[in-house]
Amino acid sequence: MLLLPLSIRGFSSNSLPTIHRILVPIAAGSEEIETTCITDVLTRFGAEVTVASCTSKTVKMSRGLHIVADCLITSLPFPASTYAAIVLPGGVPGVNHLADCDTLKSLLLQHHERKGLIAAICAAPSKVLSPLNLLNGSPCTGYPSPSFDELIEKNGGILSSDDVVYCPKNNLITSKGPATAMMFGLTVGEYLFGEEK
């Protein structure tokens, strides 16, 4: 597992961990294992997780499971600037809906400008982040597929074979897919709350 130094995570010896708000955007066809691992693990770390749908409030996931989102992406319960991280699940066609969502694209670009943590798994790095040039110059990974690999490299991503990759330069965490979803969630949680949590 990837262990991150406390200084990278923004902790000093006299600071206490705080509640972190995490935004998890989903859409029709998002991957359910990744979505539930992300939300469950980060909630257990103590994060305040908002699951926001880019399509409808009740979402039919990639394998037919229905998940009720907390809200629509257009009506977040907190200001976007108060979210410590935006964490994207994969799944097809879910990533296509995420990539087509203008509100989400705007949130991601603003979050990147603020140097906030962006994390993505499976097809989300290639289909959502890469077209926005958010992988440019970053070591990263994603679902192992020639077409997805090509999308990552096309926009300047540096493809890694690791299961989970952290890039401090762009404050980015990426991962491969359902089999690595737990490790991905733990890495995001460690980044925000520290290994001790």
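The following legends describe close-up views of a predicted model.

Residues are numbered from 1 along each chain as its sequence is written. Because the model is predicted, local features need pLDDT of at least 70 and side-chain atom pairs count only at pLDDT 80 or more, while totals for chains, interfaces and linings use all residues; side-chain values use heavy atoms, with hydrogens and water left out.

**View 1. Overview of the chain.** The secondary structure comes to 7 helices and 11 strands; helices (H or I, at least four residues) and strands (E, at least two) are DSSP runs, numbered from the N terminus. Of the 197 residues in the chain, 52% are buried, where buried means under 20% relative accessible area, exposed over 50%, and partly exposed in between (1.4 Å probe, protein chains only). Contact means heavy atoms within 4.5 Å. Among contacts between residues at least 6 apart in sequence, 68% join residues at least 24 apart.

**View 2. Helix α2 and its surroundings.** Helix α2 comprises residues 32-45. Its 14 residues reach 20 Å from the first C-alpha to the last, close to the 20 Å expected at 1.5 Å a residue; the expected span is 1.5 Å times one less than the number of residues. At the N-terminal end, Glu31 caps α2 through a side-chain oxygen 2.7 Å from the backbone nitrogen of Ile33. Such a polar contact is a pair of N or O atoms within 3.5 Å; within protein, one must be able to donate a hydrogen and the other to accept it, and residues adjacent in sequence count only if both atoms are side-chain atoms. The buried residues of α2 include Ile38, Val41, Leu42 and Phe45. Among the elements covering the buried residues of α2 are β1 (21-26), β2 (48-53) and α7 (181-193). Just after α2, Gly46 takes a positive phi of about 110°.

**View 3. Helix α7.** The 13 residues of α7 should span 18 Å at 1.5 Å a residue, and the end C-alpha atoms are 18 Å apart, which agrees. Since 10 of these 13 residues are buried, α7 is largely enclosed by the rest of the structure. Among the buried residues are Phe184, Val188, Tyr191 and Phe193. Gly194 follows α7 and has a positive phi, near 95°.

View 4. Tyr166 lies in strand β10 (residues 164-167) and is buried, with a relative accessible area of 13%. The C-alpha atoms of Tyr166 and Val188, 22 residues apart along the chain, are separated by 9.3 Å. Ser175, in strand β11 (residues 172-175), is buried at a relative accessible area of 0%. A polar atom of the Ser175 side chain lies 2.8 Å from the backbone oxygen of Asp163. Not counting residues up to four places away in sequence, the residues that Ser175 touches include Cys122, Tyr143 and Phe184.

**View 5. Cysteines.** Cys37 counts as buried at 15% relative accessibility, and Cys122 is buried with a relative accessible area of 8%. A search of the whole structure finds 0 disulfides, a disulfide being a pair of cysteine sulfur atoms within 2.5 Å.
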